[in-house]
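Work through the two exercises below with the sequence and coordinates open. Each task is followed by a solution in steps.

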Amino acid sequence: MKYNRVLITGATGLIGQEIVRQCHNLGIDVNYLTTSKSKLSQDNNYKGFYWNPTKGEIDKTCLEGVDAIINLVGASISKRWTASYKKEILESRTKSAELLQHTIRFNDYNIEHVVSASAIGIYPSNLTKYYDEESQEISKSFLGDVVVAWESAVDGFKDLGCKLTKIRIGLVLANDGGALPEIVKPVKLGAGAAFGSGDQWQSWIHLRDLASLFLYTLENNLEGIFNGVAPNPVTNKDLTKSVAEVLEKPLILPNIPKFAMKLFLGEMHILLFESQRVCSKKIEDEGFQFKFANLKPALEDLLLE
């Protein structure tokens with residue numbers, strides 16, 4: 001189905017900016033919500049509206065002429081997890097979904113389809129299991145709790161008659177944000193090293209493929225849960241090694257022990273040590289083709305531009 005105008009939450013973030021770019025390439029106009037009044041644009045194909053989900057404030061005209069919503073909003077998980085920040089990580093995802101649903105319900109907007117971000121953090125950390133969308137096991141970690149609450153909040157869109165798609169996102173590789181620049185920095189300095197045993201699985205995806213995947217589910221009316229990961233996960237050891245090879249840098253340091261990162265990062269150190277080997281077959285069976293199915297070409301595209 002061809003959509004003329006979509007509303008995007010989180011449009012100014014890493015994934016959001018790429019989705020906006022691809023929307024414009026497809027001739028789709030974008031409305032977006034932002035908590036920053038200085039980021040409000042009035043271009044017809046990129047129109048900004050103010051909201052503040054914490055206070056329950058929203059410019060309800062953001063939904064005028066909108067057929068579909070792409071929901072990406074959520075506080076970054078890459079900041080230190082204090083008790084207050086953990087609350088922000090959770091509520092930034094749940095309250096925003098509830099506010100949108102309230103606005104649709106009480107203003108009689110007709111939204112055909114909602115595609116919402118989710119995360120592979122819902123799957124338990126495991127070195128041997130291969131998770132697909134049918135997996136019933138739930139991680140007992142903080143991230144597992146967040147994703148369960150997030151997906152549950154998003155389910156409210158179905159009660160409004162919207163088609164609903166959830167994309168469980170893995171490690172997003174991009175050259176100007178996310179994890180990759182942080183992996184690259186020490187490697188460039190000759191100080192790159194794997195974390196812990198290095199055997200933990202990293203289910204990664206190139207930013208452009210991820211944005212395309214969101215729009216593919218929208219255009220093809222795909223509902224349900226899809227893993228937003230490339231077909232070939234790698235271990236942390238192989239990821240570090242591949243970055244070093246692409247940059248033509250040696251890896252000479254021993255692996256970084258878990259206790260050191262726990263001291264340095266606190267609870268969020270689990271982001272580096274969790275192991276989720278996640279399957280992309282479901283979206284491929286729907287006809288989606290990854291431009292970057294293997295890590296090396298993805299890294300070459302991002303690091304050798």
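The exercises treat a strand and its pairing, then a pocket and its lining, in a predicted model.

**Exercise 1. Strand 9**

Task: Determine how far strand 9 (residues 163-169) is buried, and identify the strands that pair with it.

Solution: 
- Step 1. Apply the cut-off: a residue is buried when its relative accessible area is under 20%.
- Step 2. Look for the bridges to strand 7 (residues 113-119). Strand 7 and strand 9 run parallel and are joined by 7 bridges. One of the pairs to check is Ala119, whose bridge partner in strand 9 is Ile169.
- Step 3. Repeat for strand 13 (residues 224-228). Strand 13 also pairs with strand 9 in the parallel sense, over 5 bridges. Here Lys166 stands opposite Ile225 of strand 13.

**Exercise 2. The second largest pocket**

Task: Give the volume of the second largest pocket, then describe its lining by position, by helix and by residue class.

Solution: 
- Step 1. The volume of the second largest pocket is about 180 Å³.
- Step 2. The pocket is lined by 13 residues, and Gln22, Arg208, Asp209, Ser212 and Lys291 are the closest to its centre.
- Step 3. Helix 1 (14-25) and helix 5 (207-219) each supply at least two. Helix 5 has the largest share, with 6 residues.

Technical notes: Residues numbered from 1 in each chain as written. Predicted model: local features only at pLDDT ≥ 70, side-chain atom pairs only at ≥ 80, totals over all residues. Heavy atoms only, no water. Buried < 20%, exposed > 50% of the residue type's maximum accessible area, 1.4 Å probe, protein only. Helix = DSSP H or I, 4+ residues; strand = E, 2+ residues; numbered from the N terminus. Pairing = 2+ DSSP bridges. 1 Å grid on protein atoms, 1.4 Å probe; cavity = no way out; pocket = protein on both sides within 12 Å on 5 of 7 lines; lining within 4 Å. Points joined across faces, edges and corners; volume = space filled by probe spheres on them. Nonpolar A, V, L, I, M, F, W, Y, C, P; charged D, E, K, R; others polar.
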